[in-house]
Amino acid sequence: MKAWAVVVALCATAHADPVEDAGGVAWMHYEATAVHDVAQTRGVPPARDLALASAHLHGILAPRHSRFGLHAGFDLALGATARGAAFAYDVQLVPIGIGMRLGETSFIAVAAGAGAMGAPGTISGAATFPVELDAEAGRGVRVLARARVLLVERASRSDGSPSAPFGDELDAMLGLRIGSAYDEYGFPSGNGLFVAAAYREMYGARYAGVTLGYSIDIARPR
Amino acid sequence: VKRLAGLALASCVVARQPLVVPANDVTTVMLVTGELGHPIENIARHPWLAVRRAGEAEWTLYEVPSTTSTSDPFQHSPYLDPILHKVWRGAEADRAADCIEHHAEAIIRDIDDHYVFYPGPNSNTFGDRILRACDLHASLPSTAIGKDWRGWIGAGVTSEGTGLQLETPLVGVKLGLKEGVEIHVIGLSIGIDFWPPAIILPLGPGRLGFADR
C-alpha cells in the first residue's frame, strides 16, 4: 500500500506542470518618504530627519488554487539625513515568509530576513534582521499597510523602539492608493499613486512623516 | 483624482517633440518609445527605430522581437503614449538607415536567443545596442528598463556618445557631459540630466524637466 502511495505521488509529480500549477500575487512600490522626530525618550537622537527614496518588490508564490503561499521580498532605500546631509541607506532581503491571499489581489503576508541600515556620521550603520508584515486590500482604490520590526546588530541602536513588542527598531506605513484596476490577459492587476502616513522608531525617538508613492500589484486568479 | 494622477505622470516632461510624420523628400530615422500595457504602463517603455527611405511611404520598424512595416510609426499596438526622442534626416539618416539594416538582424537574433524580460537582455537592450553600433547619439528614457544591460559586468561609451558607463545587473553608473549623472540600481534609474535639464526618475516618461532630444 505504501509502495502504491509512493508510485502515485511520483506519477502526480511527473505530470505536474510547474507553470500551470503556480499562482500568487506580486506587488511593487516606489516610495519617497520623509520623517521627523516628534517625541524623544532618550534625548535628542543623532538624526532628527530622514528622507528616503525606495523600491520594494515582493511576492507570494502559491499553488494555483491555494490561499497560502511563500512570501519573499527585496527592499532598497537610499536617501539622506538632514543633519550633516549624511547619505542614508536601508536595504533588506526577506526571503523567508508566508502569505495568505484574500480576494483577487488582496493579501496579508509576513517575512523575515537580513539587511543593513545606516547613515554615516549620524545613524550608526548596522546589520539588521527584520520581520515584516505586509497587507494590502482592494483593487484600484487600495489600502496599503506595512510594519517592520528590526533586530539591530549595534549596541548604540539596541532597544530603540518604545513600542515594538520585540526587536530594537520599528517602522510602519499606512496609505491609500487612488488608482486603477485591470483584468487584462486574465490577470487581475492594479496600479496608481498613493499617499501614506509614515512612522519610525529608533534611538528611543518616535518619527512621523509622509510617504508618496506609486504601487503596482498583479495576481494570477485562484 | 485618477485623472489628476494620470496628468501628473504624463506632464512630467516639458517641450516634448510633436508626433508629426516628416515629409518623405529625404530619408528619415526616428527613435520612438511607447508604454507597455497595464499594469506596468508607468514604469516600463519599449523602443523602436522607425526608418523610411526617401520617396517611400512605408516605415520599417526595427525592434525586438522582429522587424515590421507600417504607414504610421507612432501608432504601434500594443504600445501606448508614444514619445519621439530623436529624428535624423537627410544624409545622416541615409548613413543611419544603412547601418541599422546591416546590424539590426544580428542584434535582434542575439537578444531573442537570450531574452530575459527583466533585467535584460530585452527590447531596450536592443535599442541601446543599435544606437551604439550605428553611432546614433541619443538616449533611451530611464523607464526603458534593460537599456543598461551589459551582461554580468560591462563598461563603455554611452549611446549618447559624450559619457561613460559601468554596469552590473545590480548597480551601475553613467556619467557624461550631456547625459549628466545617472545611477542604476536593480534596473531602476535615478539621476540628473545636464542637457536638456531634468531629474531622471524611474517612473512615467522617465524624467521631470525638459524633454530629451
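Me: How many aromatic pairs are found over all chains when the whole structure is searched?

Reply: This is a predicted model, and a search of the whole of it finds four aromatic pairs over all chains. One of them is formed by Trp27(A) and Phe107(A), whose rings lie 3.8 Å apart centre to centre with 25 degrees between the planes. Planes under 30 degrees apart count as stacked, and the pair of Trp27(A) and Phe107(A) is therefore a stacked one.

Me: Which parts of chain A does the pair of Trp27(A) and Phe107(A) tie together?

Reply: Trp27(A) belongs to strand β1 (residues 22-40) of chain A, while Phe107(A) belongs to strand β5 (residues 106-119) of that chain, so the pair links parts that are 80 residues apart in sequence.

Me: Are Trp27(A) and Phe107(A) buried or exposed?

Reply: Buried means a relative accessible area under 20%. Trp27(A), at 2% relative accessibility, counts as buried, and Phe107(A), at 1%, counts as buried too.

Me: Turning to disulfides, how many does the structure hold, over all chains?

Reply: There is one disulfide over all chains. Cys99(B) and Cys134(B) form it, with their sulfur atoms 2.2 Å apart, and a pair of cysteine sulfur atoms counts as a disulfide when they are within 2.5 Å. The torsion about the S-S bond of Cys99(B) and Cys134(B) is about -90 degrees, so this disulfide is left-handed.

Me: How do the axes of α2(B) and α3(B) cross?

Reply: Two packed helices are described by the angle between their axes and by the distance between those axes. In this structure the axes of α2(B) and α3(B) come within 10 Å and cross at roughly 145 degrees, and their crossing is right-handed. On the side of α2(B) the residues in contact include Cys99(B), Ile100(B), His103(B) and Ile107(B), and on the side of α3(B) they include Phe126(B), Arg129(B) and Ile130(B).

Me: Which residues does a cis peptide bond join, with omega of about 20 degrees, and which with omega near 5 degrees?

Reply: Val64(B) and Pro65(B) are joined by a cis peptide bond whose omega is about 20 degrees, and Pro65(B) is found in the loop between β4 (59-62) and β5 (68-70) of chain B. The peptide bond from Ser77(B) to Pro78(B) is cis as well, with omega near 5 degrees, and Pro78(B) sits in the loop between β5 and β6 (80-89) of chain B.

Me: What is phi of Asp81(B), and what is it in Asp135(B)?

Reply: Phi of Asp81(B) is near 40 degrees, a positive value in a residue other than glycine. Asp81(B) lies in strand β6 of chain B and is partly exposed, with a relative accessible area of 30%. Asp135(B), which is not a glycine either, has a positive phi of about 50 degrees, and its place is in the loop between α3 and β7 of chain B.

Me: What pLDDT does chain B average?

Reply: Chain B averages a pLDDT of 92, and 95% of the residues score at least 70. The model scores ipTM 0.75 and pTM 0.83.

Notes
Residues numbered from 1 in each chain as written. Chains lettered and ligands numbered in written order. Predicted model: local features only at pLDDT ≥ 70, side-chain atom pairs only at ≥ 80, totals over all residues. Heavy atoms only, no water. pLDDT = per-residue confidence, 0-100. Phe/Tyr/Trp six-rings, centres within 6.5 Å; stacked < 30°, edge-to-face > 60°. Helix = DSSP H or I, 4+ residues; strand = E, 2+ residues; numbered from the N terminus. Buried < 20%, exposed > 50% of the residue type's maximum accessible area, 1.4 Å probe, protein only. Axes fitted to C-alpha atoms, helices over the stretch in contact; angles between N-to-C directions. Left-handed = near helix turned anticlockwise from the far one by under 90°. Contact = heavy atoms within 4.5 Å.
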